[in-house]
Amino acid sequence: QVQLVESGGGLVQAGGSLRLSCAASGSIVSINAMGWYRQAPGKQRDLVARITRRGSTNYLDSVKGRFTISRDNAKNTVYLQMNSLKPEDTAVYYCNADLYDRAGGNHDYWGQGTQVTVSS
């Protein structure tokens with residue numbers, strides 16, 4: 001079993017900042033990539049940012065220059081620093097990990113989601 005536990009969501013005014021964290025634990029052999037997705041009501045789930053084990057990153061165009069993804073491989077943890085938040089960033093943010101587990105497979109795992117609300 002693998003668990004992804006997220007923290008750091010909340011309510012913030014436009015222009016403010018939040019930092020999300022996601023820690024993976026359990027039967028993990030290695031983690032290839034970790035990322036953050038978000039889903040607003042009535043919309044599809046979109047990739048916000050992704051980081052590989054070697055540190056290569058990619059971002060949703062609308063968050064470039066405002067959000068920064070990082071990871072601590074020793075702690076199996078990924079972070080998302082979100083600055084200059086806008087009301088359109090309001091969504092449930094989900095952590096994702098592409099990893100090899102002890103059952104021998106390569107799987108995608110998801111966190112439970114954390115709400116980010118940006119007020120205008």
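**Questions on a predicted model**

Tutor: W110 is partly exposed, with a relative accessible area of 36%.

Student: With which residue does W110 form an aromatic pair, and of what kind is the pair?

Tutor: A search of the whole structure finds one aromatic pair. Its ring centres, those of Y37 and W110, are 4.9 Å apart. The pair links distant parts of the chain, with Y37 in strand β4 and W110 in strand β10 (residues 106-110), 73 residues apart. The ring planes meet at 65°, and planes over 60 degrees apart count as edge-to-face, so the partner is Y37 and the kind is edge-to-face.

Student: Is N96 buried or exposed?

Tutor: N96 is found in strand β9. Leaving aside neighbours within four places in sequence, N96 is in contact with L4, A33, M34, G35, Y37, D108, Y109 and W110. The relative accessible area of N96 is 7%, and the limit for a buried residue is under 20%, so N96 is buried.

Student: Which backbone oxygen lies 3.4 Å from a polar atom of the N96 side chain?

Tutor: Y109 is among the residues that N96 contacts beyond four places in sequence. The backbone oxygen at 3.4 Å from a polar atom of the N96 side chain belongs to Y109.

Student: Which cysteines form a disulfide, and what is its handedness?

Tutor: The count comes to one disulfide, and it joins C22 to C95 with an S to S distance of 2.1 Å. The pair links distant parts of the chain, C22 in strand β3 (residues 18-26) and C95 in strand β9 (residues 91-101), 73 residues apart. Both C22 and C95 are buried. The torsion about the S-S bond of C22 and C95 is about -80°, so the disulfide is left-handed.

Student: With which side chain does that of R38 make a polar contact?

Tutor: R38 lies in strand β4 (residues 28-39) and is buried, with a relative accessible area of 11%. Not counting residues up to four places away in sequence, F67 touches R38, and V48, L80, M82 and Y93 are also among its contacts. The polar contact of the R38 side chain, at 2.9 Å, is with the side chain of Y93.

Student: Over which ring does R45 lie, and at what distance from the ring centre?

Tutor: Two arginines may be considered here. The charged end of R19 sits over the ring of Y79, 4.2 Å from its centre. R45 lies over the face of Y94, and its distance from the ring centre is 3.7 Å.

Student: Is Q13 buried or exposed?

Tutor: Q13 lies in strand β2 (residues 10-13). Leaving aside neighbours within four places in sequence, Q13 is in contact with V118 and S119. Q13 and V118 are 105 residues apart in sequence and 5.4 Å apart in space, C-alpha to C-alpha. At 60% relative accessibility, Q13 counts as exposed.

Conventions: Residues numbered from 1 in each chain as written. Predicted model: local features only at pLDDT ≥ 70, side-chain atom pairs only at ≥ 80, totals over all residues. Heavy atoms only, no water. Disulfide = S-S within 2.5 Å. Helix = DSSP H or I, 4+ residues; strand = E, 2+ residues; numbered from the N terminus. Buried < 20%, exposed > 50% of the residue type's maximum accessible area, 1.4 Å probe, protein only. Contact = heavy atoms within 4.5 Å. Polar contact = N/O pair within 3.5 Å; in protein donor to acceptor, adjacent residues only side chain to side chain. Phe/Tyr/Trp six-rings, centres within 6.5 Å; stacked < 30°, edge-to-face > 60°. Lys NZ or Arg CZ within 6 Å of the ring centre and 35° of its normal.
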